[in-house]
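Work through the exercises below with the sequence and the model side by side. Try each task before reading its solution.

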Amino acid sequence: MSRFKRRQSNQVPGLNLASMPDLIFTVLFFFMIVTHMRDVDPKVRYMVPQGTQLEKEVGKSGLVYVFIGKPVDAQGRIIADETRIQMGNRYVTVDQIGEEIAKERARMSEDDRQRLTVSIRADRDTEMGIINDVKQALRRAGALNINYSAERKDELRVKK
């Protein structure tokens, strides 16, 4: 009766994967652009103190971080009770701070050397004597611009 017969194909048509590499590289480039890479991994535990009048430093070049707190291992557990000072990715003593500042200055451009700022991120339970010793060592090294990291004090949590 009918002259034309339909072909009955039970196979699933193949999936076109021609654009898959383009999609993968686009996603890869996206993550490469938006990912922030840390320069320094803190090896000390610190909880910054709270403050009420804070200013945020945004994109400041010539910034050197000094972490002060109790040393921790890779999992974040405190491994010793004494307070340690970290600059870059290694522990330093107060006497070595001047050498580390000189190394950081050598890596910077001339403009960044003029704007060198040291950011102290100290634990809130750190003795003020240690912070004062670090400040004196920075002063002897010629790093006179110092800021202290803190978190904003939440007015709702203030106990009366």
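**Exercise 1.** In which sense do β3 and β4 run, and how many bridges join them?

*Solution.* This is a predicted model. Start with the two strands: β3 and β4 are antiparallel, and 4 bridges join them. Next, find the residue pairs. F67 is opposite Q86 of β4. V66 has M87 in β4 as its bridge partner.

**Exercise 2.** Follow β4 into β5 and find the residue with a positive phi in their hairpin.

*Solution.* First, the pairing: β4 and β5 run antiparallel, joined by 3 bridges. I85 faces V92 of β5 across this pairing. Then look at the turn. The hairpin has 2 residues between the strands. G88 takes the positive phi, near 70 degrees.

**Exercise 3.** Name the sense in which β3 pairs with β6, then do this for β1.

*Solution.* Take β6 to begin with. Its pairing with β3 is parallel, over 6 bridges. L63 stands opposite T117 in β6. Now take β1, residues 44-45: this strand pairs with β3 in the antiparallel sense over 2 bridges. Here V44 has P71 of β3 as its bridge partner.

**Exercise 4.** Which residues of helix α2 are buried, and why are they on the same side of the helix?

*Solution.* Step one: list them. In α2, residues 97-107, the buried residues are I97, E100, I101 and E104. Step two: they lie on the same side of α2 because they cover an arc of only 100 degrees around the axis. Step three: recall that an α-helix has 3.6 residues a turn, so residues three or four places apart point the same way. Step four: find the partners. The buried residues of α2 pack against β3, β4, β5, β6 and α4.

Notes. Residues numbered from 1 in each chain as written. Predicted model: local features only at pLDDT ≥ 70, side-chain atom pairs only at ≥ 80, totals over all residues. Heavy atoms only, no water. Buried < 20%, exposed > 50% of the residue type's maximum accessible area, 1.4 Å probe, protein only. Arc of directions from axis to C-beta. Contact = heavy atoms within 4.5 Å. Pairing = 2+ DSSP bridges.
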